[in-house]
Amino acid sequence: MLLDTIAAYGAQDTRARLPDDVIHHAKRAFLDWLAALYPGTRTQPCLQLLGAHGAELGSGRSSLPGCATTAFPATAAWINGSVSHAVEFDDIYRDAIYHPGCPTISAALALAEDADASGLELLNAIVVGYEISTRIGAAVQPAHYRYFHTTGTVGCFGGAAAAAALCAPGDAGVMLHALATAGTFASGLQQAFRSDAMSKALHAGHAAAVGVRAGQGAAHGITGVRDILEGEVGFGAALAHEPDWSLAVEGLGARYNILNITQKNHGCCGHTFAAIDGALALRQRGVRADDIASLRVDAYQTALDVTGNFVPATAFEAKFSLPYVVAHALVHGSVRLDAFEPQRLQDPRIRQLMQKLELRADAALTAGFPKMRAARVTITTCGGQTLEHHSPYRKGDPESPLSDADLNDKFEELAGPVLGRARARALRDAVWRLDAMPVRALRLAADMPQP
């Protein structure tokens, strides 16, 4: 059965000396996850979750970074997973339409701190969680994404694999049963994208918490159904259409998906990135927002389905509005956290430019999804000049990755205002040395947010 093969891999790489580039990319993933998490501590649903779980805070050994407290592992994973998904700066595995960092790293960190694990043990667990969950995600796409939020569903497998790696290193039986149990708790509906409710962020936290509980339970003898993936009424049958299960095991232990993760350069939905990149490229060629008579974005159909909102009223809706973020990029030159401040949401220059924008589904670009996330931006100026830019991939994709220096800058930009610049830089430097220290040496629960 599929889980036998997957679990055997997971148990092996939990204890293996992984290639240096794989460990390096696990550090990149961890640093990027922290970069997404810290600004999330200053927005919803962080405060609401802290209030809801107030009686549990300070009781465990698992940190809530940026909140100066701890919790038991499942609660920490639930809160950190949700908070790290809140500001839309978390990483992506393109072929699975999936954010692996939030559920996988939130589960792994919670259990690594609880067990006083080494940094290398944490990094191995992150790798195992990424490799298993990204493959399961790719196997059920693109049909799965029609109704389900992959980070909430497939994320359960990422969290469970990382949890099993830390709860019972090298034990294929525990790995199998953790994954099997997690599979039946997978959830997260696309409808949550369609308002500014907090549910979408909670999907990632739920997946992380499910992973922790499934891993802890399996380590103490709780069993799950072995054919939860391919069974007649299992995960694939219920949540996809004719999944290609060969992708779930292809290259396990030989080709590492963590080397091909997209790390976000813009603070919004990843379906908008190629269009933003195109708009910025045209802006760099001298196009000015006030001189635009009309503009058109050609993209793949899913991008328009998810982000075709021309009248976003809230910050959340604006992050999922391709017209808004493209117009913002042309007016202000970037789409970072300040793009969703109240004054920017009401900026008349942005709103006027949005009305000049046309969205169009392109058959060739649609056929390339999900492996490609391309867009073409065409601008006609008031003087009659037409300029076009085709983005076959996004800045931050494996074809054009953010460098280590880019990730350092991103971390300082996002975490610095929360931690203070000195502490942010010290933590950043420690993450790059994580394979040579215990996880608790990061002292993540000691940080007080800056006023």
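Predicted model: local features only at pLDDT ≥ 70, side-chain atom pairs only at ≥ 80, totals over all residues.
Helix 10, helix 14 (315-319) and helix 19 (404-419) each give at least two residues to the lining of the largest pocket. The pocket has a volume of about 530 Å³. Its lining runs to 27 residues, and those nearest its centre are Thr-43, Ala-86, Val-87, Ala-315 and Lys-319. Sort the lining by class and you get 15 nonpolar, five polar and seven charged residues.

Now stay with helix 10, but look at its packing. Two packed helices are described by the angle between their axes and the distance between the axes. Helix 10 (residues 199-219) packs with helix 5 (residues 101-114) at an angle of about 45°, and their axes are 8 Å apart. That angle makes helix 5 oblique to helix 10. As for handedness, helix 5 passes helix 10 in a right-handed crossing. On the helix 5 side, the contact is made by Cys-102, Pro-103, Ser-106, Ala-107 and Leu-111; on the helix 10 side, they meet Ala-204, Ala-207, Ala-208, Val-212 and Gln-216. By class, the contact of helix 5 with helix 10 has eight nonpolar residues, two polar ones and no charged ones.

Of the 17 residues lining the largest cavity, His-99, Tyr-145, Cys-269, Gly-270 and His-271 are the closest to its centre. The lining of this cavity divides into seven nonpolar, five polar and five charged residues.

Finally, take a look at the backbone. Most residues other than glycine have a negative phi, and most peptide bonds are trans. Gln-141 and Pro-142 are joined by a cis peptide bond, with omega about 5°. You'll find Pro-142 in the loop between helix 6 (119-140) and helix 7 (150-153). Another cis peptide bond links Phe-369 and Pro-370, where omega is about 10°. Pro-370 sits in the loop that runs between helix 18 (363-368) and strand 5 (375-381). The last stop is Glu-242, which isn't a glycine but has a positive phi, near 50°. Look for Glu-242 in the loop between helix 11 (235-239) and helix 12 (273-284).

Technical notes
Residues numbered from 1 in each chain as written. Heavy atoms only, no water. Axes fitted to C-alpha atoms, helices over the stretch in contact; angles between N-to-C directions. Helix = DSSP H or I, 4+ residues; strand = E, 2+ residues; numbered from the N terminus. Parallel < 35°, antiparallel > 145°, perpendicular 65-115°, else oblique. Left-handed = near helix turned anticlockwise from the far one by under 90°. Contact = heavy atoms within 4.5 Å. Nonpolar A, V, L, I, M, F, W, Y, C, P; charged D, E, K, R; others polar. 1 Å grid on protein atoms, 1.4 Å probe; cavity = no way out; pocket = protein on both sides within 12 Å on 5 of 7 lines; lining within 4 Å. Points joined across faces, edges and corners; volume = space filled by probe spheres on them.
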